Amino acid sequence: MSVPFQKTVFLVDAMAFRRARTESFLNPWARDESVELISLDPAEAHTRLVERAVCDMLIYSVGAPSPHEVFAEIQVLHTLRRDAALAIVSDDENPATVLAAIRCGARGYFTNSMPPDLALQALAFVLHGGTYFPPTAFLASQTFSMPAPIEYRQPELSQE
């Protein structure tokens with residue numbers, strides 16, 4: 001007898017092969033959490049979110065592209081579904097990047113270097129309302145005088 005899904009998670013990644021690898025890794029976690037895991041590229045995710053598809057959590061996998069592109073996408077996803085827990089999976093471990101992601105609405109930030117079992121536990125924590133960020137990001141922000149994190153702001157639109 002199968003257990004009905006209790007939550008829906010969108011896995012969003014522009015890179016199809018990386019998205020497929022992440023989906024394969026997350027499938028056992030999704031079954032354990034009674035989660036429907038839906039794998040989408042960003043354009044497909046935007047369409048589904050605009051259509052008001054059920055989505056309790058967004059996992060945005062980015063690798064290490066341009067910070068401005070990442071923050072623009074984080075803001076779009078957060079704007080389209082503010083009530084969904086937004087988790088970022090990235091190669092970028094820079095504390096300034098982590099803090100900027102928090103400012104853009106992320107409730108979790110996972111680096112690809114973290115232990116897989118910890119990542120799964122932390123993803124479940126975020127899914128159920130918690131937040132998770134690498135402690136080193138907060139320690140670095142308190143210990144060192146860092147430059148302000150990179151933030152992306154959308155240009156103002158003129159009303160014509």
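The legends below describe close-up views of a predicted model. Residues are numbered from 1 along each chain as its sequence is written, and side-chain values use heavy atoms, with hydrogens and water left out. Local features need pLDDT of at least 70 and side-chain atom pairs count only at pLDDT 80 or more, while totals for chains, interfaces and linings use all residues.

**View 1. Strand 4 (residues 85-90) and its burial.** Helices (H or I, at least four residues) and strands (E, at least two) are DSSP runs, numbered from the N terminus. Six of the six residues of strand 4 are buried, so the strand is largely enclosed by the rest of the structure. Buried means under 20% relative accessible area, exposed over 50%, and partly exposed in between (1.4 Å probe, protein chains only). One side of strand 4 carries Ala-85, Ala-87 and Val-89, the other Leu-86, Ile-88 and Ser-90, and both faces are covered.

**View 2. The pairing of strand 4 with strand 3 and strand 5.** Two strands pair if DSSP finds at least two bridges between them. Strand 3 (residues 57-63) runs parallel to strand 4 and is joined to it by six bridges; Gly-63 has Ser-90 as its bridge partner in strand 4. Strand 5 (residues 108-111) also pairs with strand 4 in the parallel sense, over four bridges. Here Gly-108 of strand 5 is the bridge partner of Ala-87. From strand 4 the chain passes through helix 4 (residues 95-103) to strand 5 in a right-handed β-α-β crossover (with the strands pointing away from the viewer, the path from the first strand over the helix to the second runs clockwise).

**View 3. The aromatic pair Phe-110 and Tyr-132.** The structure holds one aromatic pair. The ring centres of Phe-110 and Tyr-132 are 5.4 Å apart and the planes are at 20 degrees, so the pair is stacked. Rings of Phe, Tyr and Trp (its six-membered ring) pair if their centres lie within 6.5 Å; planes under 30 degrees apart count as stacked, over 60 as edge-to-face and the rest as tilted. Phe-110, at 2% relative accessibility, counts as buried.

**View 4. The surroundings of Tyr-132.** Tyr-132 sits in the loop between helix 5 (116-127) and helix 6 (135-143). Contact means heavy atoms within 4.5 Å. Leaving aside residues up to four places away in sequence, Tyr-132 touches Arg-107, Gly-108, Tyr-109, Phe-110, Met-114, Leu-118, Ala-122 and Val-126.

**View 5. Thr-22 in helix 1 (residues 16-32).** At 18% relative accessibility, Thr-22 counts as buried. Thr-22 touches Leu-11 and Ser-61, not counting residues up to four places away in sequence.
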